[in-house]
Amino acid sequence: METLEQIRDRLLARFPAAKIELVVNPGPAAEHSLLLDAAFAPEIATFLHDDEVLRLDYCSNATGIDWPEKEIIDATTKAKTVQPGYLEAVYHLYSMSRKHGPVILRLRTANRSDQVTLPSFTPVWKSCDFQECEIYDLYGIVFAGHPDLRRLLMWHGFKDHPMRRDYVAPDDYEWEPTPHGSVLDRAKVHYPATAPQPETPKP
Amino acid sequence: MSLFPHLTAPPGPTVRAVHDEFHGDLLEVSMGPQHPSTHGVFRMVVTLDGEQIVKLKPVFGYLHRNHEKIAENTSYLSSMPYTDRLDYLCSMSNNWAYALAVEKLGGLTVPDRAQYLRVIMAELTRLVNHSCLVGFLFNDLGTSFTPLLYAFREREKILDLFESLSGSRMMCNYQRFGGCRVDPTPEWLATASALVDNFPKFLDEYETMLSGNEIMLARTQGVGRVAAAQAINAGITGPGLRACGVDYDVRKVDGYGFYPRFDFRVPLGAHGDTYDRYMMRILEMRESVKILQQAFRDLPAGPVMDPKAKLRGFRPKAGEAYGRLEGPKGELGFYLISDGSPNPWRYRVRPPSLINLTLLEEMCLGHTIADAVVILGSIDIVLGEVDR
């Protein structure tokens, strides 16, 4: 298979206006990825799917990642800069006809709150259908162009996105006779001192 | 009044009349989540025109416990026993898939003996899964439990082996990053080898009873057909894909573990129908027996754990890895991102059961509900993995 640099250069030659960046994976696996321009992503996906050399006809894995805001402290100047947070969708592409892969694609949203729309790859690879629904459900990325975007695992009417790093689980505290540790902390929040205390069974 | 009405009852009545511009009057039936032939808590909303299915919408999530979130809040090692609970019929393969991803993430090596043991465990798991699947498929066809009983007899022998080795029949928790947890004794290996040598006899018996069965042929041939191009695009993997004639087996393509050392064939179907999906399982079991016999013959001596592997307090370098293998149900993948801390930043399971359901609607259109049950049985899902 071509190297990722060659694929990137070929994509840039084909889509000169697109911004395509190589994201380096520093780990021993060294599976590097391509960060795509969301505006050109559907065309790039179609190109990768139909290209004679690559023929990436199989999208194995599609998933989301949450990258919250990060405070970066410069080592020399001690100046603090806040790196804005974003949501990311990652696709692992393989070729069943050419038997090679993976080519990893990444798409990033502008922020984590109101601009969370990304183009859907379901029209190109149907295997993204349920997986993109799952990303929408658990991370809150809205996939434009998805034929049936719905909550997959959580129930209808559920409000939040549980896989986000700042998700706060609901206070489903159950009464315990001898709360201790973190359960005691939650008990204090759940039953404030002014509220009537639950009855303690007498031995 | 229930405390959680949205959890106890699916919204809307179980059966209702709907009107469609094109079809006219239709009947919408909610099958599941407690229907016995949906293999767990799977629910499908089926719209019927007379007896024919015109629309089918799968509904998931009844067994959802956010496995990924739980794994992101614990260390790498403590997720290992939880992977058993994904697809609870194939815990050994799940363990291996996770170990494979972590080893890729941390750049760990695995000793030769452990590699052979992993192949042995994965192929025994395949025998368990496929023989049970065939039994359950016949349950869906209406032969109440007779074929399944024979499958369970063989399965129990293999589960006894798993129990004596790992301490648990189904939740084995056997693999570790860098090897396997315990070394089997020579007696264990002799018992396992004898079991494997006897397995083709069981398969012959099973096939005599089932493969040419007239009801089986009438109910499965030409039912639930999928074209190869459609299956590739929908990400169908495992026996369901190979039944369409697509030669794609991760054991051959990636050559993970020591699979390149083994001589085995990848059986391929021609029609992509339910019968071919059944036949793929039978033929794959025969190939698994061949792999197992080679593994028992060539099993080298040596350690089963890499002595340098660190299980507790394992902190891989920042980076990411996607490890995948050919599980009995299809391609099982784990995608891990490390930020250098003891917990994974991102832990993702690529569940073959969920993605193989992508084409369920296309397979079932035009068939009856009774056929949809058989088609679902031939796809082979486990809800622990679908809903995670």
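Lys104(B) and Glu31(A) form a salt bridge, with their closest N and O atoms 2.6 Å apart. A salt bridge here is a side-chain nitrogen of Lys or Arg within 4 Å of a carboxyl oxygen of Asp or Glu. The rule finds 6 salt bridges across the interface of chain A and chain B.

This is a predicted model, where local features need pLDDT of at least 70, side-chain atom pairs count only at pLDDT 80 or more, and totals for chains, interfaces and linings use all residues. Residues are numbered from 1 along each chain as its sequence is written, chains are lettered from A and ligands numbered from 1 in the order in which they are written, and side-chain values use heavy atoms, leaving out hydrogens and water.

Now take the whole interface. Chain A brings 46 residues to the contact and chain B brings 49 residues. Contact means heavy atoms within 4.5 Å. The size of an interface is often given as the accessible area lost when the parts come together. Between chain A and chain B the buried area is about 4000 Å², and carbon and sulfur atoms give 56% of that. Buried area is the accessible area (1.4 Å probe) that two parts lose on being put together, summed over both.

Which elements give two or more residues to the side of chain A that touches chain B? They are strands E3 (58-67), E6 (86-95) and E7 (100-108), and helix H3 (128-139), of chain A. E3(A) gives the most, with 9 residues. Helices (H or I, at least four residues) and strands (E, at least two) are DSSP runs, numbered from the N terminus.

Strand E7 of chain A holds Pro102(A). Pro102(A) is partly exposed, at a relative accessible area of 23%. Buried means under 20% relative accessible area, exposed over 50%, and partly exposed in between (1.4 Å probe, protein chains only). Beyond four places in sequence, Pro102(A) touches Met1(A), Glu31(A), Leu93(A) and Tyr94(A). Glu31(A) is the salt-bridge partner of Lys104(B).

Move to chain B. Ser91(B) lies in helix H4 (residues 91-106). Is Ser91(B) buried or exposed? Ser91(B) is buried, with a relative accessible area of 3%. Leaving aside neighbours within four places in sequence, Ser91(B) is in contact with Asp84(B), Met170(B), Met171(B) and Cys172(B). A polar atom of the Ser91(B) side chain lies 2.6 Å from the backbone oxygen of Met170(B).

Finish at helix H15 (residues 369-379) of chain B. Of its 11 residues, 9 are buried, so H15 is largely enclosed by the rest of the structure. After H15(B) comes Asp380(B), with a positive phi near 75°.

Conventions:
A polar contact is a pair of N or O atoms within 3.5 Å; within protein, one must be able to donate a hydrogen and the other to accept it, and residues adjacent in sequence count only if both atoms are side-chain atoms.
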